[in-house]
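Subject: Structure handover

Hello,

Here is the structure you asked for. Please open it first, then read my notes beside it.

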Amino acid sequence: MPAATREAVAAAVRGLSKRFGSTQALDSVTLSFAAGEVHGLVGENGAGKSTLGKMIGGLYHPDSGEIEIFGSPVRRWDTKRAQDAGVVVIAQELCLVPALSVAQNVFLGRERSTFGVLHPGLVQRYAELEQVCGFGLPADAPVESLSIADQQKVEIMRALARDARIIVMDEPTSSLTADEAARLHEIMRWLRSRGTTVIYVTHFLEDVLENCDRVTVMRDGRVIRTSETATETKSGLVEAMLGEPADVLLPERPPPPSPEADPVVEMREVWSGTAVRGVSLAVRPGEIVGLAGLVGSGRTEIARALFGCDRVDSGEIRFCGRPVGARSPRASISRGMAMIPEDRRGQGLVLLRPTFENVTLPHLRGFSRAGVLARRAERAAVKELIDRLGVRPAQVDGDVSVYSGGNQQKVLFAKWLLGRPEFLILDEPTRGVDVGAKAKIYQLIVDIAASGTAVLLISSELEEVVGLSHRVHLVRQGALIGEVPADTSVDEILQRLFGVGEESRGES
Ligand SMILES: Nc1ncnc2c1ncn2[C@@H]1O[C@H](COP(=O)(O)OP(=O)(O)OP(=O)(O)O)[C@@H](O)[C@H]1O
Ligand SMILES: [Mg+2]
């Protein structure tokens, strides 16, 4: 058989439809993926990307239509058969066994013996995989001790260990650093050179244009078009996704608070564990303060120390002018703080409860006083928020566990906004949300600051931090290394974060 060529079809779907209750998740989708291509799949939150990926991977069954893998129609498709045929899905929701080690997770389901000690063959195999990936993960570290970004790497290694010929990667880079994402793109190219097909679902359109051979745009469960990326532009893709021309413009920020205003929140020389080293900062009412730093720089840990998730070893945290006593997330919420955490599935949502309860959960006391009437007011408030954020489906009683990734993020957002907190911490607020929702979230951040809330904004998207914040602290290795004003260029910030030209500055 000749080596796989771009013309050979690895996977094809024809007339694929899938309905969940009242949602038509896929509507007669016909599409083919060539052997040895990296094929981008883009579309708004809820467009059906993950559903399509899961169907190819045997996780969902179509209502109608067919799937062909390497020219053979599949029957009674399930994950086991899909894996045997070389199809692996790296899902948006990570799927690892927390108590097992990295290597055990990588070889999970491949080798029965992995539940004990890894045998020498696997140790060797792991070393080879590690050489390809260069992730630097220790084989025997328990997965639960890893950050989300590292857990994602474990999933990627697992797919490689399974010798997949078709790999669906559903938003694999959403929690990776720029370096790590570049590495993953390299791996994709390497996979392509071996004839592996990569179906790459992502909201990063630049990444699609740079790394994919072709791209398919989906909207409302339908394919809008498939084209060679060489013929596409970012704005063209956005327009196809939204069905209208659109720009993600950063909204006007509210006027900065007067410098004399008393801070809502203050950290004085705070040390916490090894990740927060002598941090002092203050946020005033109506002010948006950004934290810019590379992933792993300690941004999230600063937020966690502030919110009472982690112990403070020394230094002081003050809220509304007074030192805070007992510290825990619960105590912080009752003081009027709120935090939208980075790991929305692990920390943010109660997936077994409907939308409405997820949104109102932290506020039950506020609403519960007057019984039925209050409950009605509460539902109305939730409905207004989910409409404003464009949560789909826009149902107060929606089943959050089956929402698309981006829509879960919006529900989480609604949950904290409902409480009108005095101080709001946002850690990666737009991760995984589409361009349309991004604009809405930006507007909400600005609105909430304009209403007097003090906001601490953490984001890996530097444009977002400098475009929304009144001032930005640069974070490196757990310490604040400087402050820059609004609209400082992203280039300058990156240079300082990477310490470019540091020595000369230090000596002068
Ligand atoms: N198991 C399910 N039960 C009910 N509805 C579902 C289920 N899975 C998906 N849906 C719905 O189908 C639609 C498509 O969802 P899907 O997860 O495929 O979107 P997506 O394009 O991956 O979005 P995102 O960018 O937010 O991840 C959404 O409206 C979603 O709520
Ligand atoms: Mg998805």
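In which sense do β6 and strand β7 pair, and over how many bridges? They pair in the parallel sense, over four bridges. Strand β7 covers residues 166–170. V89 stands opposite V168 in β7.

Some ground rules before we go on. This is a predicted model, in which local features need pLDDT of at least 70, side-chain atom pairs count only at pLDDT 80 or more, and totals for chains, interfaces and linings use all residues. Residues are numbered from 1 along each chain as its sequence is written, chains are lettered from A and ligands numbered from 1 in the order in which they are written, and side-chain values use heavy atoms, with hydrogens and water left out.

Now the terms for strands and helices. Helices (H or I, at least four residues) and strands (E, at least two) are DSSP runs, numbered from the N terminus. Two strands pair if DSSP finds at least two bridges between them.

**The sheet with β6**

Six strands form this open sheet, in the order β6-β7-β8-β3-β9-β10. The pairing is mixed. Its edge strands are β6 (87–90) and β10 (222–228), and each pairs on one side only. From one strand to the next, the twist averages 15°. (Axes are lines fitted to C-alpha atoms, for helices over the stretch in contact; angles run from 0 to 180 degrees between N-to-C directions.)

Helices pack here too. α5 lies across β6 and β7, at about 180° to β6. Helix α8 (residues 234–242) touches β3 (38–43), β9 (214–219) and β10. Its direction makes about 30° with that of β9. Contact means heavy atoms within 4.5 Å.

How do α5 and α6 lie relative to each other, and where do they meet? Their axes come within 12 Å and cross at roughly 10°. α5 and α6 are therefore roughly parallel to each other. (Angles under 35 degrees count as roughly parallel, over 145 as roughly antiparallel, 65 to 115 as roughly perpendicular and the rest as oblique.) On the α5 side (residues 148–161), A149, K153, I156 and L160 make the contact. On the α6 side (residues 178–193), the residues are E180, L184, I187, W190 and L191.

α6 has another packing partner in helix α4 (residues 120–133). The angle is about 110° and the axes are 10 Å apart. α4 and α6 are therefore roughly perpendicular to each other. Here Q131, V132 and C133 in α4 meet R183, I187 and W190 in α6.

**The sheet with β13**

This open sheet is built from six strands, in the order β16-β17-β18-β13-β19-β20. The pairing is mixed. Why is one side of β16 and of β20 left without a neighbour? β16 (337–340) and β20 (479–485) stand at the edges, each with a single partner strand, so one side of each has no neighbour in the sheet. The twist averages 20° from one strand to the next.

β13 (residues 288–292) and β19 (residues 471–476) pair in the parallel sense over four bridges. A292 stands opposite L474 in β19. Helix α16 (residues 435–450) packs on the sheet and touches β13, β17 (423–427) and β18 (454–458). Its direction makes about 150° with that of β18. Helix α18 (residues 490–497) lies across β13, β19 and β20, at about 30° to β19.

**A hairpin**

β14 and β15 form a hairpin with two residues between them. C320 in the turn has a positive phi of about 50°. The two strands pair in the antiparallel sense over two bridges, and R318 stands opposite P323 in β15. Five bridges also join β11 (residues 265–272) to β14 (residues 314–319), and these run antiparallel. R268 stands opposite E316 in β14.

**Ligand 1**

- T51: an N or O atom in the side chain is 2.6 Å from an oxygen atom of ligand 1.
- G48: a polar backbone atom is 2.9 Å from an oxygen atom of ligand 1.
- H203: a polar side-chain atom lies 3.0 Å from an oxygen atom of ligand 1.

Best wishes

Terms used:
A polar contact is a pair of N or O atoms within 3.5 Å; within protein, one must be able to donate a hydrogen and the other to accept it, and residues adjacent in sequence count only if both atoms are side-chain atoms.
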